[in-house]
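Here is a friendly set of notes to read alongside the coordinates. Please have the viewer open, and take the points in order.

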Amino acid sequence: MTSILRYPILALAACMLAGGCACDKVPVSPGGNGGGNNNGGGNNEGRYTDKKIYVSTIEQLNALTGLAAGDTVVLADGIYTNKALNFIAEGTQSAPIVLRAATPGGVVITGNSSLSIAGSWLVVSGLWFKDATTSGDRALVEFRRKSPLLLAEDCRMVDCAITGKGLAMSLTDYKWVSLYGRRNTVERCTFTRKKNMGTLLVVWFTEGQIPAHTIANNRFSRPDSHYDGGSQLNGQETIRIGDSNASMSDGECLVRDNLFDECDGEIEIISNKSCRNTYRGNLFRSCAATLTLRHGNDCVVDNNLFLGNGVTNSGGVRIIGEGHTVQGNYFENLRGSGYRTAICLVRGIPDSPLSGYFQVRNATVTRNTILNCSNGINANYGDSEMTMPVVSTTVSDNTISNTSSSYVAVNLVATPAASITWSANTVWGGKYTGGMTASIIPLALQQPVIASRQALAASIESASGTTWTITD
């Protein structure tokens, strides 16, 4: 039967002579040359079995045509070097088309390699990009086919890993994941040790489309950074949603339940550069950087944990622009100052270009807890060129508690005068600086009781990253 399966016409004839075929498609011709050990496929190479298609080379994968809703392509375990993977098909919501490793983590992709996901309702699972690089303007993983252009919609990358521990530091700029199209998801993946320049994961905008992607339950770590004259180079964010040109467009992306551990590439762990995105339930641990609402309006930062663990320059949320809501977040033992304060409301510049600093207006900062941070709230902050004060903003029902008198609970830059409503905030310990006084926020007479968030942090960590162990 093996010889028949290598020739689709003979296989079809055999099925017809037998009175019908148990599969609903002609088997795929294996074709291709080398590239991986067939530890997951056995003798199933090129065969359809219960809607599963087994391939043992990237050439076989790329040659697949006619994939139908509900199909699963199983790529044999092994090491694949210098390969460009193309997964292009059209599934359905009820029956997506899946590309998975025979064993989660068993497919290791290295060298100059990449993956293109294009079409609709596709799932990629269990792949490991280990010390892989790419060239030109291609990311390691792109949710599009570049030529002819086909964007991904409703596609998912799950339980995959990209790691760069074995690579040298490099100034070559390329991304690890580029999200194009609409409603795509990156979930339960691990991304560690990106040592080259360039943002790790970028959401790119297409004119006339709202991306509405989801980035959930992933584990990010980026402790390595490039410097020039003692200053970190710009462009080493972990996540960027949009850019200056797209900053007034709605993104409607959801970033939730991720672990950001030692993400120190530059001042911005996350660089928000579009409107109406939500950042919810994430854990930022020992990060010498901030979640920055750099451009765009009407974003929500909700119920995140920022655990600085005393790390130098560890920060929280930086607010720029209009209509943002920062609520229910928890900040503990952060040691940043200035823009790296636990919560920093930044002044704008007059007639700001898209790449500049827009005035904070109509922001809401409420129900946040700030515990033993060197700098709690830094309001109306900026340099001498930033002359547009924070206006029409409410800071209410926040709790700040400090055991050290040297910690700054609230700093309010007095000039130019801000228009901020301060209401029902509780402050115990620490000190006020700038224009903030006890007549604006009376000091509490008793230390507030603040519940530990360690159990919550542990639950976020346990549900983040790949389901399989990375042995790197």
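1. Let us begin with the aromatic residues. Phe191, Phe220, Phe260, Phe284, Phe306 and Phe331 form one aromatic cluster. Rings of Phe, Tyr and Trp (for Trp, its six-membered ring) pair if their centres lie within 6.5 Å; planes under 30 degrees apart count as stacked, those over 60 as edge-to-face and the rest as tilted.

2. A word on the model before going further. This is a predicted model, in which local features need pLDDT of at least 70 and side-chain atom pairs count only at pLDDT 80 or more, while totals for chains, interfaces and linings use all residues. Residues are numbered from 1 along each chain as its sequence is written, and side-chain values use heavy atoms, with hydrogens and water left out.

3. How many aromatic pairs does the structure hold? There are eight aromatic pairs. In one of them, the ring centres of Trp128 and Trp468 are 5.7 Å apart and the planes stand at 50 degrees, so the pair is tilted. Trp128 belongs to strand E10 (residues 127–133) and Trp468 to the segment after helix H4 (454–462), so this pair ties together parts that are 340 residues apart in sequence. Helices (H or I, at least four residues) and strands (E, at least two) are DSSP runs, numbered from the N terminus. Trp128 counts as buried at 5% relative accessibility, and Trp468 counts as buried at 10%. Here buried means under 20% relative accessible area, exposed means over 50%, and partly exposed lies in between (1.4 Å probe, protein chains only).

4. Next, look at a pair inside the cluster. The rings of Phe260 and Phe284 have their centres 4.7 Å apart and their planes at 5 degrees, so they are stacked. Phe260 sits in strand E26 (residues 259–263) and Phe284 in strand E29 (residues 283–285), so the pair ties together parts 24 residues apart in sequence. Both Phe260 and Phe284 are buried.

5. Glu262 is in strand E26 and has a positive phi of about 55 degrees although it is not a glycine. With a relative accessible area of 37%, Glu262 is partly exposed. Ser286, in the loop between E29 and strand E30 (290–295), also has a positive phi of about 55 degrees without being a glycine. Ser286 is buried, with a relative accessible area of 11%.

6. Now follow the parallel strands. Strand E2 (residues 52–55) and strand E3 (residues 72–75) run parallel and are joined by four bridges; two strands pair if DSSP finds at least two bridges between them. Val55 stands opposite Leu75 in E3. Between E2 and E3 the chain passes through helix H3 (residues 58–63), and this β-α-β crossover is right-handed. That term means that, with the strands pointing away from the viewer, the path from the first strand over the helix to the second runs clockwise.

7. The parallel pairing continues from E3. Four bridges join E3 to E6, with Thr72 opposite Val98 in E6. Strand E6 (residues 97–101) is mostly covered, as four of its five residues are buried. E6 also pairs in the parallel sense with strand E9 (residues 122–125) over four bridges, where Arg100 has Ser125 as its bridge partner.

8. A polar atom of the Tyr80 side chain lies 2.6 Å from the backbone oxygen of Ala76. Tyr80 and Phe129 are 49 residues apart in sequence, and their C-alpha atoms are 9.5 Å apart in space.

9. Two charged side chains lie over rings. Lys194 lies over the face of Tyr174, at 5.7 Å from the ring centre, and Arg294 over the face of Tyr357, at 3.8 Å. The rule is that NZ of Lys or CZ of Arg is within 6 Å of the ring centre and within 35 degrees of the ring normal.

10. Finally, please check two cis peptide bonds. One joins Ser147 and Pro148, with omega about -10 degrees; Pro148 is in the loop between strand E12 (144–145) and strand E13 (150–153). The other runs from Thr415 to Pro416, with omega near -5 degrees, and Pro416 is in the loop between strand E42 (408–412) and strand E43 (420–423).

Note on methods
Polar contact = N/O pair within 3.5 Å; in protein donor to acceptor, adjacent residues only side chain to side chain.
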